[in-house]
Amino acid sequence: MKPKYQAIIDDIKSRILSGDFNVGEQIPTESALQSMYSVSRQTVRKAILELTNEGFLRSEKGSGTYVSSQYRSKTGGSSKKTIGVITTYISDYIFPSIIRGIESRINEDDYSLLLASTNNNLDREKKALEMMLSYGVDGLIVEPTKSNLYNPNIAYYLSFKELDIPYLMINAYYEELEAPFLCLDDVQSSYLATKELIAKGHTQIGIIAKMDDLQGKHRMKGYIKALGEAKLRFEPERVLSFDTETKQGLSMNLKQYLMNNRGVLTALVCYNDEVGLEVLHVCRELGISIPEEYSIIGQDNSYIAKNANIKLTTLTHPQEQMGRDAADWIISKLQGKKELPDHIYYQPLLIEGETVLER
């Protein structure tokens, strides 16, 4: 458990960084803070001193304590510009390729990179945003956290806007914000996957979808669109949905889903390659042959799909190009360029593998 004075520091910092307390605004008196946090005057003074040393507050004798903007000054006074990057994950799946693309572009203009990940957790996103604001990044690239759900951290993004710090979202976006973004056309990706299965003679097609991210919502939409065009019914029981919290139990739920639909479904559209390979793994455990019993299509053309024992049929994702384009957009914005796109959709292409059988 953190010390009481540290809890006060963290809370006041959050209120400053989210815009609840504005620069130049007087914060509550020591007595009021004592009452608010149920602590002693000594604890309040220790917190205020620490916040003053960090540049978040300044005290005026006989007047009170005010919010300072000093914290925005970079450590060491370096003139080198820094671009912050917040991703949901760093070390797996398609994210190393995206980061590699960002690094390749910012190195050309001698920018620094400040990297953070959220693990698709809103509290961790809040801390990452606070870190970026505290450090004083010049621009920010963000992959949204749980982008299909209400986000309580919206105020932090509004703070970036008020401070005139450009930010850009990748892979998804928050529908509450009018933020520029670069995304794969996820509707089209799942649409092409479903359409390919239909073209191969499949009419009983299921989908495995992650529904707390906007990509999952859009990939579900593409699946439904392709079924509709082919005059095939959308049946809710053919959907296996999961989210960040239930992902750990996906293998167990897949076993039940695949056994229940054995002999009913002949094909599956998977949320991404990671899910597609998990389906392959579970099918091996259950003695289900692929593609003879289930044809499977992943999405994103990830390195894990390329290195699998069986070549997964999948759809492309720009990965490194998206990272490079994101960095180029931020740098162009910082250099004063006006005519920049407020969104880009990359078009997916089908990559044939060994997991789809023509019926």
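**View 1. Strand β3, a buried strand.** All six of the six residues of strand β3 (residues 82–87) are buried, so this strand is largely enclosed by the rest of the structure; buried means under 20% relative accessible area, with a 1.4 Å probe and protein chains only. Strands are DSSP runs (E, at least two residues) and helices are runs of H or I with at least four, numbered from the N terminus. The model is predicted, so that local features need pLDDT of at least 70 and side-chain atom pairs count only at pLDDT 80 or more, while totals for chains, interfaces and linings use all residues. Residues are numbered from 1 along each chain as its sequence is written, and side-chain values use heavy atoms, leaving out hydrogens and water.

**View 2. The two faces of β3 and its partners.** In a regular strand the side chains alternate between the two faces of the sheet. Thr 82, Gly 84 and Ile 86 on one side of β3, and Ile 83, Val 85 and Thr 87 on the other, are all buried. Strand β3 runs parallel to β4, joined by six bridges, and parallel to β5, joined by four; strands pair if DSSP finds at least two bridges between them. Ile 86 has Ala 116 as its bridge partner in β4 and Val 142 in β5.

**View 3. Met 169 in the largest nonpolar core.** Phe 160 and Met 169 touch the most other members of this core of 42 residues, a set of buried Ala, Val, Leu, Ile, Met, Phe, Trp, Tyr and Cys residues joined through side-chain atoms within 4.5 Å. Helix α1 gives the largest share, five residues.

How values were computed: Buried < 20%, exposed > 50% of the residue type's maximum accessible area, 1.4 Å probe, protein only.
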